[in-house]
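Subject: Structure for your review

Dear colleague,

Please find below the structure that I am handing over to you.

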Amino acid sequence: MSNQPGGEPAAQLGLAEAAPVDDEAARQAAASKEAAENVMQAFGGVRGMIDMTLPGLVFIVTFNITHQVSAAAWAALGLSALFVVARLAKRETVQHAFSGVFGVAIGAWISMKTGKAENFYLPGLLWNVGYCIGLAVSALVRWPLIGVMLGPVTGEMFTWRKENPGRLAAYTKATWAWVVIMGIKPVILFPLYFTHNVNLLGWLKVALGIPPMLLAMYVTWQILLKAPPPIKAQLDEEPEQEPAAADRK
C-alpha cells in the first residue's frame, strides 16, 4: 500500500479506468466470436453439405451395380427430392436442399440425354469454376461474396463496406481463401472428366465434397475471430401510430 498522500485513491482510480477497457475488449472479442460462428449456418451446416454430397455417392454406387446411366441418375434425383420433402416436413430451410436437387436434376438430364455417366458430374464442375470466378471478381471489386453472404446472418448487412474497414479486409481475405481452397476441386476433377474414367471421377468427386468446404469454413472462422466485431445495421424505425380515438379523449 502506498504511503504517499492520495496513493490508495489513485490506485483505485487506475483500476476503475482499466475495468471498462477490459470489459470493452471482452465484449468485442465475444461479438467477433459470435459472428465467426455464423459461418457454418450461412453455408447450410453439415446437413446442407450432406444434402449436396450424398446424391453423387448414390449415383456412382448405383451405376456400378446396374451399369445403367438412367437408373443411377434417377436414384440420385430421387434421393435429392427425398431430402427436400424431409426438410419441408420438418419445416426446415430448403435453400440448400433445393440447390442440390436442381444441380442433380441437370446432371441427371444431361447424363441420360448423352448416355455418358461422366456427364452427371459436369454441371457441378462448371458450377465450381463459375463459383471461384465469381468469388475472385467480388473480392477485386470490393464486394467480397463471403461478406455479402454473412452480412444478413450477423445482422450487419453491408455496414462492413463503408463503416468497418477491418471487416471488409477480413471478408476480402476470407473470399480469396475460398477461391484457393474451392479451386482445388475443378483442377483435380476436370482432367479426370476428359479421361472418361467414371469410377475415379465419381469417387473423387464425393471425397472432395465436404472436406474442402469444412476447411474453407474453418479458415473463414479463424479470420473472422481476429476481425473487428460487426457493426449492426440500423433498421428504419416504424412510424409512430396515431393514438386511438378512445385514447385521445
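The notes below begin with conventions and the overall fold, and then turn to individual helices and residues.

This is a predicted model, in which local features need pLDDT of at least 70 and side-chain atom pairs count only at pLDDT 80 or more, while totals for chains, interfaces and linings use all residues. Residues are numbered from 1 along each chain as its sequence is written, and side-chain values use heavy atoms, with hydrogens and water left out.

Overall fold

The chain has 13 helices and 0 strands; here helices (H or I, at least four residues) and strands (E, at least two) are DSSP runs, numbered from the N terminus. Of the 249 residues in the chain, 40% are buried, where buried means under 20% relative accessible area, exposed over 50% and partly exposed in between, with a 1.4 Å probe and protein chains only. Among the contacts (heavy atoms within 4.5 Å) with a separation of 6 or more, 72% are accounted for by residues 24 or more positions apart.

Helices α9 and α10

The axes of α9 (residues 165–182) and α10 (residues 184–195) come within 4 Å and cross at roughly 20°. Axes are lines fitted to C-alpha atoms, for helices over the stretch in contact, and angles run from 0 to 180 degrees between N-to-C directions. The crossing makes α9 roughly parallel to α10, a label for angles under 35 degrees, with over 145 being roughly antiparallel, 65 to 115 roughly perpendicular and the rest oblique. Val 180, Ile 181 and Met 182 of α9 meet Ile 184, Lys 185 and Pro 186 of α10 in this contact. By class, these residues divide into 5 nonpolar, no polar and 1 charged; Ala, Val, Leu, Ile, Met, Phe, Trp, Tyr, Cys and Pro count as nonpolar, Asp, Glu, Lys and Arg as charged, and the others, Gly among them, as polar.

Asn 128 lies in α6 (residues 122–140) and is buried, with a relative accessible area of 8%. Leaving aside neighbours within four places in sequence, Asn 128 is in contact with Lys 185 and Pro 186. Cys 132, also found in α6, is buried at a relative accessible area of 10%. Not counting residues up to four places away in sequence, Cys 132 touches Val 179, Met 182 and Gly 183. Cys 132 and Met 182 are 50 residues apart in sequence, yet their C-alpha atoms are 6.9 Å apart in space.

The salt bridge

The structure holds 1 salt bridge, defined as a side-chain nitrogen of Lys or Arg within 4 Å of a carboxyl oxygen of Asp or Glu. Arg 167 forms a salt bridge with Glu 156, and the closest N and O atoms are 3.0 Å apart. Arg 167 lies in α9 and Glu 156 in the loop between α7 (145–154) and α8 (159–162), so the pair ties together parts that are 11 residues apart in sequence. Both Arg 167 and Glu 156 are buried.

Loop residues with positive phi

His 67 is in the loop between α3 (45–66) and α4 (69–89), and its phi is near 60°, a positive value in a residue other than glycine. His 67 is exposed, with a relative accessible area of 60%. His 196, in the loop between α10 and α11, has a positive phi of about 65° although it is not a glycine.

Yours sincerely
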